[in-house]
Every structure is written in C-alpha cells, then in structure tokens.
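Here are my notes on the model, point by point. Please read them with the structure open.

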Amino acid sequence: MKTEDSLELAVDTMMEARVDSFFRVEQGLEEVIRSLIEIEEELGIVRDLSGAMRLESRLEFVEDRWDEFDSEIRERPRRRRKRISLADMLKAAGGGGDLSNPSGGVNNAVDAYAIMGVEFGSSLSDVTAAFRHKAKQLHPDANNGDRSSEPELRRMLEAYQFLKEYLSLSNTEPMRPPDRPYSPAE
C-alpha cells in the first residue's frame, strides 16, 4: 500500500511539472507566432539593408526561442544550426550584401579558374596544387607579417571554394565550355 501511494505521488508530481511546462511552452509559442506576424508585416516596408539586418536579428531571436521550446517539448538538448547571414544571402543573389567589397564574389567558373591561374577545365587536384602554391606565396607569415596581399589571398580562397563545389557538381554532369550557351535539352 505504501509503495502504491508513493508511486501515485511520483506520477502526480511528474504530471504537475509537465502541465506547468506545457502552459509555459504554449504561452511562449503564442509569443513566437505574434513576433512572426509582426516581422511578416514589416517585411513589406523594408527598403534598405539596415532595415533588413534589423529584421534578420529579430528573426534570429524568434528562431532561438523556437529552438528552446522545441527542445523542452522533446526533452532533449537544443540543436545547433548553421546561421545564414543576410549579407551572404544578398551577395549570392547578386545584391552585393558586403558593401566594402565592390568587386563582388566569384560567381562563375571562368572567373574562378582565371583567379586561380589555371586553365579552364583543370582537375580539382590541379586547382588544389595551384591554390596551395599561391597561398604559400601570399600568406602574411611568408611575407614577414606583411598583410598587403591579404585581399588577393581571400579572393583566391573564395575562388578555390567555388571551384571545389563546382567540380564536385560537375562530376555528375559533363562540363560545358564557357562559350557554349546553355541548352535546356541537355
């Protein structure tokens, strides 16, 4: 009898904690929904980068709150997500999110190959070898701490990353020469 009473007390205590948690989570989710509605309304009014950045930070806050509630409901630790920067997204879309770099990012294979100084269509191993060779020449440690070649090194790194992705995708599809137009029938 004593065991049954203690078991019932344990179950009641556990259920009370779950009910309190449920109401707290429910209230928090309503707050998240209200915030998302406000952000959606303000999205139509935003006309400049600073307004978009402000909305991005609010959206990150809402996402963090959502993750907190999700982990509490599922009774497991929070997941770590890769943050997507609005500036990176605009840069990828051609909007030039980084205003300090007017040249923009590397967005085609021809430019990337030219930056790397290798012939168009070279293999990933040739690109990697060229990257390592140039990186050793341009790195500040190789130039007694002189950082004047750092922008060129960053641009080369961006081209190398682009080509790594490009060449991994081209393993599934045959590469087109840059002068031949795209044909949807391919």
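1. Which residues does Val106 touch, not counting residues up to four places away in sequence? This is a predicted model. In it, Val106 touches Ala112, Ile115, Arg155, Glu158, Ala159 and Phe162.

2. Val106 sits in the loop between helix H3 (86-93) and H4. The relative accessible area of Val106 is 10%. Buried means under 20%, so Val106 counts as buried.

3. One of the contacts of Val106 is Glu158. Val106 and Glu158 lie 52 residues apart in sequence. In space, their C-alpha atoms are 6.7 Å apart.

4. Ile115, touched by Val106, also takes part in the packing of H4 on H5. From H4 (residues 109-116), Tyr113, Ile115 and Met116 meet Val127, Ala130, Phe131 and Lys134 in H5. By class, this contact has six nonpolar residues, one charged and no polar.

5. How do the two helices cross? The axes of H4 and H5 are 10 Å apart, at an angle of about 45 degrees. H4 and H5 are therefore oblique to each other.

6. The length of H5 checks out. H5 covers residues 124-138, 15 residues in total. At 1.5 Å a residue, H5 should span 21 Å. The end C-alpha atoms of H5 are 21 Å apart, which agrees.

7. Val127, Thr128, Ala130, Phe131, Ala135 and Leu138 are buried. Seen down the axis of H5, these buried residues fall within an arc of 165 degrees, so they line one face of the helix. The face turned away from the buried side carries the exposed residues Ser125, Arg132, His133 and Lys136.

Conventions. Residues numbered from 1 in each chain as written. Predicted model: local features only at pLDDT ≥ 70, side-chain atom pairs only at ≥ 80, totals over all residues. Heavy atoms only, no water. Helix = DSSP H or I, 4+ residues; strand = E, 2+ residues; numbered from the N terminus. Expected span 1.5 Å × (residues − 1). Buried < 20%, exposed > 50% of the residue type's maximum accessible area, 1.4 Å probe, protein only. Arc of directions from axis to C-beta. Axes fitted to C-alpha atoms, helices over the stretch in contact; angles between N-to-C directions. Parallel < 35°, antiparallel > 145°, perpendicular 65-115°, else oblique. Contact = heavy atoms within 4.5 Å. Nonpolar A, V, L, I, M, F, W, Y, C, P; charged D, E, K, R; others polar.
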